[in-house]
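Please find below a short note on the model under review.

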Amino acid sequence: MAVTESSSTTGATDNSNVINVLNPSTGEVIGSVPIHSEAEVNASVSRARQAAQDWQALPMPARKSELDQWRHALAARADDLADLIHRENGKPRVDAIVEVAMALNHLQHATNRAAKALAPHRVSPGILANFRARISYHPLGVIGVIGPWNYPIFTPMGSIAYALAAGNAVVFKPSELTPLIGRLLADIAARTMSVPNLVQVVTGGGTTGAALARSAVDKVAFTGSSATGRKVMAAASENLTPVLMELGGKDPLIVAGDADVDKAAEAALFGALSNAGQACISVERAYVANSVYDQFVSRVVDGAKRIRIGGEDADIGAMTRSEQIDIIREHISDALDKGARAVVGGVDTVDGNFVRPTVLVDVTADMKIMQEETFGPVLPIIEVQDAEEGVRQANQTDFGLGSSIFGTERVRELADRIRAGMTSINSVLAYSAIPSLPFGGVGESGFGRIHGDEGLREFTRTKSTVEQRFASPIDLLSFNLPANTYDRVRSLIKRLYGGGVVDRASSMISKLF
Ligand code: NDP
């Protein structure tokens with residue numbers, strides 16, 4: 001078995017063909033998993049293909065009842081799941097149990113919603129009025145899910161739950177830093193659901209992920225960095241396998257002059273610092289109207305100084321991946337070199353794998369901290385003339401995942417102008433906790449949607465079916481056309497599309513569907 005994984009100082013380390021999983025807060029080894037080879041990945045995908053057939057053979061209510069049982073079993077093990085996330089990822093226990101709750105919320109929503117969102121439905125037959133037209137949704141088969149380490153159960157569940165509810169089997173490759181939680185998910189699935197190999201986990205690093213991407217899966221649902229996303233797309237293209245890309249972000253927060261500034265500052269702190277800033281939808285940049293700028297900065301500074309790091313009552317825990325600390329320091333140094341000021345923290349905020357918050361002012365758009373994903377507890381703040389200017393500047397990055405805006409007048413209109421997949425008005429991150437809302441980005445942040453009805457349909461193929469109800473006087477789908485067909489079609493064009501009474505009637509009919 002080829003072992004070409006890179007080593008990491010805070011998460012998993014390589015040891016021949018196993019990965020030892022480390023607790024990033026203590027450095028202690030908490031478990032180990034095998035590095036699965038390409039052949040083993042392919043064998044999992046073959047088993048999943050049979051599982052997909054068995055799963056699809058069950059009527060939808062039976063599948064729902066099995067997914068309900070899985071959810072109940074996961075809920076019964078909530079403490080174990082939270083404890084494992086806490087130890088494997090380094091986040092505080094309370095964050096870990098909230099993550100479990102959010103993951104189960106998605107599982108419940110996907111399970112309950114599938115029958116309705118995926119029900120076949122009739123659509124307008126248009127000009128072929130003698131036809132019945134219908135759209136139906138069918139499972140793709142086997143979904144390869146590749147997930148990151150920052151939300152090791154919530155993030156993959158955003159694909160796994162929806163893929164299963166839509167009738168697919170899943171092969172999941174968790175991050176090498178957090179494989180144990182993935183394995184526990186699959187173990188509980190195996191014990192509570194009747195179809196063997198419905199949820200399988202393959203473990204390993206990038207090479208295992210790459211093997212899954214180029215395997216015979218029917219779709220790859222990838223969550224991770226934009227750089228790795230490109231590699232996954234390239235590997236999947238070998239088999240023309242479709243991909244869903246949930247990638248990185250550089251999410252802006254905009255504060256208008258008429259915003260509740262204290263609320264905005266509190267939300268900015270939470271959005272930037274929760275999970276130690278290791279969230280794809282972290283607030284990574286703030287644009288604040290000059291009339292409230294001083295008040296906002298002062299509230300943020302006070303709040304950032306109060307953040308508790310490490311220990312049982314911590315607000316933020318350890319960085320899961322030590323390499324990330326180098327990126328954070330590099331971004332802060334680059335900003336300071338180019339004229340930014342650290343009003344809290346700075347480059348020397350690191351104690352082992354714990355990083356204290358940094359708040360930067362006097363930042364400019366050319367700094368790395370304003371363009372590249374920092375993924376750490378850092379908030380750069382830019383003073384702008386007003387929210388309109390904030391939106392304009394916020395849109396000047398290649399990313400477009402989440403965003404937030406605080407204000408009163410015109411706030412909805414400005415929110416619509418932010419180039420991002422999601423926007424929270426007068427709050428941060430809220431859209432991620434509402435399972436009926438589609439989640440995903442634009443540009444470097446990826447494409448496709450998880451969550452919501454769109455998230456269910458992502459894991460299906462859409463099929464169009466037409467059925468003739470009665471024969472029409474002119475059958476345009478045959479060569480047996482009467483001699484005057486040209487003239488009759490020309491006259492039909494005028495009546496159907498020329499603005500008269502038939503045009504209006506057919507427009508009304510198509511609106512009814
Ligand atoms: P990575 O891109 O480094 O890794 C993501 C997953 O891909 C991991 O399981 C990784 O394995 C695997 N992988 C690595 N190389 C390859 C390869 N060549 N082919 C296939 N798979 C591969 O991301 P991180 O785990 O560091 O996660 C952080 C990133 O994820 C951030 O950019 C964050 O913004 C983004 N993210 C996006 C979310 C969204 O919904 N849009 C949600 C959460 C995070 P291994 O770890 O074992 O190397």
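**Note on the ligand and its surroundings**

1. The model is predicted. In it, a nitrogen atom of the ligand lies 2.8 Å from a polar backbone atom of L247. A backbone atom is likewise involved at E176, where a polar one is 2.7 Å from an oxygen atom of the ligand. At E373 the side chain takes part: one of its polar atoms is 2.5 Å from an oxygen atom of the ligand. The protein buries 90% of the 900 Å² that the ligand exposes when taken alone.

2. The ligand is surrounded by 29 residues. The closest of them are G147, E176, S225, L247 and E373. Sorted by class, this shell holds 12 nonpolar, 12 polar and 5 charged residues.

3. Several elements contribute to the shell around the ligand. Helix 7 (206–213), strand 9 (219–223) and helix 8 (226–237) each provide at least two of its residues.

4. The domain assignment divides the protein into domain 1 (39–247 + 452–461), domain 2 (251–435) and domain 3 (484–513). Domain 1 is given as two segments of the chain, 39–247 and 452–461. Which domains each supply at least three residues of the shell around the ligand? Domain 1 and domain 2 each do so.

Notes
Residues are numbered from 1 along each chain as its sequence is written. This is a predicted model: local features need pLDDT of at least 70, side-chain atom pairs count only at pLDDT 80 or more; totals for chains, interfaces and linings use all residues. Side-chain values use heavy atoms; hydrogens and water are left out. A residue is near a molecule or strand if one of its heavy atoms lies within 4 Å of it. A polar contact is a pair of N or O atoms within 3.5 Å; within protein, one must be able to donate a hydrogen and the other to accept it, and residues adjacent in sequence count only if both atoms are side-chain atoms. Accessible areas come from the Shrake-Rupley method with a 1.4 Å probe; for residues, only the protein chains shown count as cover. Helices (H or I, at least four residues) and strands (E, at least two) are DSSP runs, numbered from the N terminus. Ala, Val, Leu, Ile, Met, Phe, Trp, Tyr, Cys and Pro count as nonpolar, Asp, Glu, Lys and Arg as charged, and the others, Gly among them, as polar. Domain bounds come from an automatic or database domain assignment.
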